[in-house]
Amino acid sequence: MAAPQSFKVKMRAPQVAATLLFLALVACLGESARAAEQRYIVSGRDSFAIGEGDIKSETRYDGTEVLTVTRRGKAMRYAARVTYVRNDQGAASDAVADFVSDLLPTGEQLDSADHDPDYLTVLNQPFSAQLDAATLEDLKHLHGTVPFDFPSPFTGATLHGSLAGIGAGRLGGRPAIGVRFSAGGPMHGALPDRPGLTLSGGILMRGTAYYDSETALLLTLDATVTISGNVSNRTGKDPVTIVYRRLIRADRPDKTRTAQRTR
């Protein structure tokens, strides 16, 4: 997830215990692999409250998304495009976001386009859009909890927490495997979108993610970031609470289409 400005949570792949390699970026697909297309329903909510409700705001997001995975030479290109409505304090406006990332044979990820200011694309979240076979297998056999470290989207400091397997089941008619995550840490600095106010408190990121047990594509991500504490440069150190939530779920899961391969 560069320095954020709103729900500007630049959610890149987090650092996880090397023994699990759970959040490793998807490995380059084999030469015979067909490119895939997956559609999603996207929604989100940003809320801000300070003091006894004297300052409050809320922004909501609702839209649809298409993720395509195609081969470009030796690299795999992941491209996501979201068409959505942004409702800011009752004022609705249409918007479009896109994010493109290339996965090189070395495992390096290069973001070639980032036009996602509201962080709604599946490529701009804390979990990869697709897992490699080994990582998916690790997830299927995950029991108990494992350490989960993640860079704070606002301060760059490391958030510490844990991952826990949810188990196997079916989601929208497709076999799925899930994980629950939680990580937190201190928060000291300027408030998102309000640089004139400085907060001292804490940040907590938590949620769940489900992957298709066969294709390893992300089926559902429900992530919430909560920031709470006191504004230090206001008289009385008023309490403040900021909550950012993003929900991305596969649409028409039984109709995932095959996309044309790009040379």
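Where is the place of T121? The place of T121 is in the loop between β6 and α1. Keep in mind, as you look through these close-up views, that the model is predicted.

**View 1. T121 in its loop, buried.** T121 belongs to the loop that runs between β6 and α1. Is T121 buried or exposed? With a relative accessibility of 0%, T121 counts as buried, because buried means under 20%.

**View 2. The residues around T121.** The side chains of T121 and D116 are joined by a polar contact of 2.8 Å. Which residues is T121 in contact with, leaving aside its neighbours within four places in sequence? Look for E65, A80, V82, A97, D98, F99, D116 and I248.

**View 3. Y119 and its positive phi.** Most residues other than glycine have a negative phi. For Y119, phi is near 55°, a positive value, and this residue is not a glycine. Y119 also counts as buried, because its relative accessibility is 9%.

**View 4. A216 between two strands.** Now move to the loop between β10 (194–212) and β11 (218–231), where you will find A216. What is phi of A216 near? It is near 70°, a positive value in a residue other than glycine. A216 has a relative accessible area of 5%, so this residue is buried.

Terms used. Residues are numbered from 1 along each chain as its sequence is written. This is a predicted model: local features need pLDDT of at least 70, side-chain atom pairs count only at pLDDT 80 or more; totals for chains, interfaces and linings use all residues. Side-chain values use heavy atoms; hydrogens and water are left out. Buried means under 20% relative accessible area, exposed over 50%, partly exposed in between (1.4 Å probe, protein chains only). Helices (H or I, at least four residues) and strands (E, at least two) are DSSP runs, numbered from the N terminus. A polar contact is a pair of N or O atoms within 3.5 Å; within protein, one must be able to donate a hydrogen and the other to accept it, and residues adjacent in sequence count only if both atoms are side-chain atoms. Contact means heavy atoms within 4.5 Å.
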